Amino acid sequence: MKFKTSGVCSRAIDFDVVDGKVVNVRFTGGCAGNTQGVAALIEGMDIDEAIRRMDGIKCGYKDTSCPDQLAKALKEYKKDNE
């Protein structure tokens, strides 16, 4: 799935879900070290656990963050695929 982000430095997030697990997460733009770290940490994680861990994380003064945007993307994926 390709998700266009909002309110963060990254412009988009691509990912796949296989058997309920999040795989192949790729951020376009953003802080490379942070986005690569987030992608590596949730690789193979259950989609609900990934949402639980990242939902609501803020970046400084912003109301959202790259991890929060990924949680939003995963929620949208679930909604569209249930």
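# A walk through the model

Start by selecting Asp19, which lies in the loop between β2 and β3. Before going further, keep in mind that what you have on screen is a predicted model.

Is Asp19 buried or exposed? Its relative accessibility is 75%, so Asp19 counts as exposed. Now look at its backbone. Asp19 is not a glycine, and yet its phi is positive, at about 55°. The hairpin it belongs to joins β2 and β3, with two residues between the strands.

**Stop two: the sheet**

Next, select the strands and colour each one. There are three of them, and they make an open sheet in the order β1-β2-β3, with antiparallel pairing. Which two strands sit at the edges? They are β1 (2-4) and β3 (21-29), each of which pairs on one side only. Ignoring direction, neighbouring strands here are turned by 20° against each other on average.

Zoom in on β1 and β2 (residues 10-18). How many bridges join β1 to β2? Three bridges do, and the two strands run antiparallel. To see a pair for yourself, select Phe3 together with Ile13, its bridge partner in β2. Then try Lys2, which stands opposite Asp14 in β2.

Follow the chain between those two strands and click on Gly7. The hairpin of β1 and β2 has five residues between the strands, and Gly7 takes a positive phi near 80° there.

Now move across to the other side of β2. Seven bridges join β2 to β3, and this pair also runs antiparallel.

Asn24 is a residue other than glycine with a positive phi, near 55°.

**Stop three: the core**

Time to look inside. Select Phe15, Val25, Met54, Leu70 and Leu74. In the largest nonpolar core, which has 21 residues, these five touch the most other members. Which elements give two or more residues to this core? They are β2, β3, α1 (32-42), α2 and α3. The largest share comes from α3, with five residues.

Leaving out residues up to four places away in sequence, Leu70 touches Ile13, Phe15, Val25, Phe27, Val38, Ile42 and Met54.

**Stop four: two helices side by side**

Show helix α2 (residues 47-54) and helix α3 (residues 66-80). The two pack at an angle of about 145°, with their axes 8 Å apart. Turn the view until you can see them cross: α2 passes α3 in a left-handed crossing.

What meets what in this contact? From α2, select Ile47, Asp48, Ala50, Ile51 and Met54; from α3, select Pro67, Asp68, Leu70, Ala71, Leu74, Lys75, Tyr77 and Lys78. Sorted by type, the residues of this contact come out as nine nonpolar, no polar and four charged.

Stay with Asp48, found in helix α2. Its relative accessibility is 40%, so Asp48 counts as partly exposed. Try the distance tool as well: the C-alpha atoms of Asp48 and Cys31 are separated by 25 Å, and these residues are 17 apart along the chain.

**Stop five: helix α1**

Hop over to Ala40, found in helix α1. Ala40 counts as exposed because its relative accessibility is 55%, and the cut-off for exposed is over 50%. Use the distance tool again on Ala40 and Arg26: these are 14 residues apart along the chain, and their C-alpha atoms are separated by 9.6 Å.

**Last stop: a loop residue**

Finish with Thr64, in the loop between α2 and α3. Is Thr64 buried or exposed? Its relative accessible area is 8%, so Thr64 is buried. What does Thr64 touch? Not counting residues up to four places away in sequence, show Ser6, Gly7, Val8, Ile57, Lys58, Cys59, Gln69 and Lys72. Gly7 is back from the β1 and β2 hairpin, this time as one of the residues that Thr64 touches.

Notes:
Residues are numbered from 1 along each chain as its sequence is written. This is a predicted model: local features need pLDDT of at least 70, side-chain atom pairs count only at pLDDT 80 or more; totals for chains, interfaces and linings use all residues. Side-chain values use heavy atoms; hydrogens and water are left out. Axes are lines fitted to C-alpha atoms, for helices over the stretch in contact, and angles run from 0 to 180 degrees between N-to-C directions. Helices (H or I, at least four residues) and strands (E, at least two) are DSSP runs, numbered from the N terminus. A crossing is left-handed if the near helix is turned anticlockwise from the far one by less than a right angle, and right-handed if clockwise. Contact means heavy atoms within 4.5 Å. Ala, Val, Leu, Ile, Met, Phe, Trp, Tyr, Cys and Pro count as nonpolar, Asp, Glu, Lys and Arg as charged, and the others, Gly among them, as polar. Two strands pair if DSSP finds at least two bridges between them. A nonpolar core is a set of buried Ala, Val, Leu, Ile, Met, Phe, Trp, Tyr and Cys residues joined through side-chain atoms within 4.5 Å. Buried means under 20% relative accessible area, exposed over 50%, partly exposed in between (1.4 Å probe, protein chains only).
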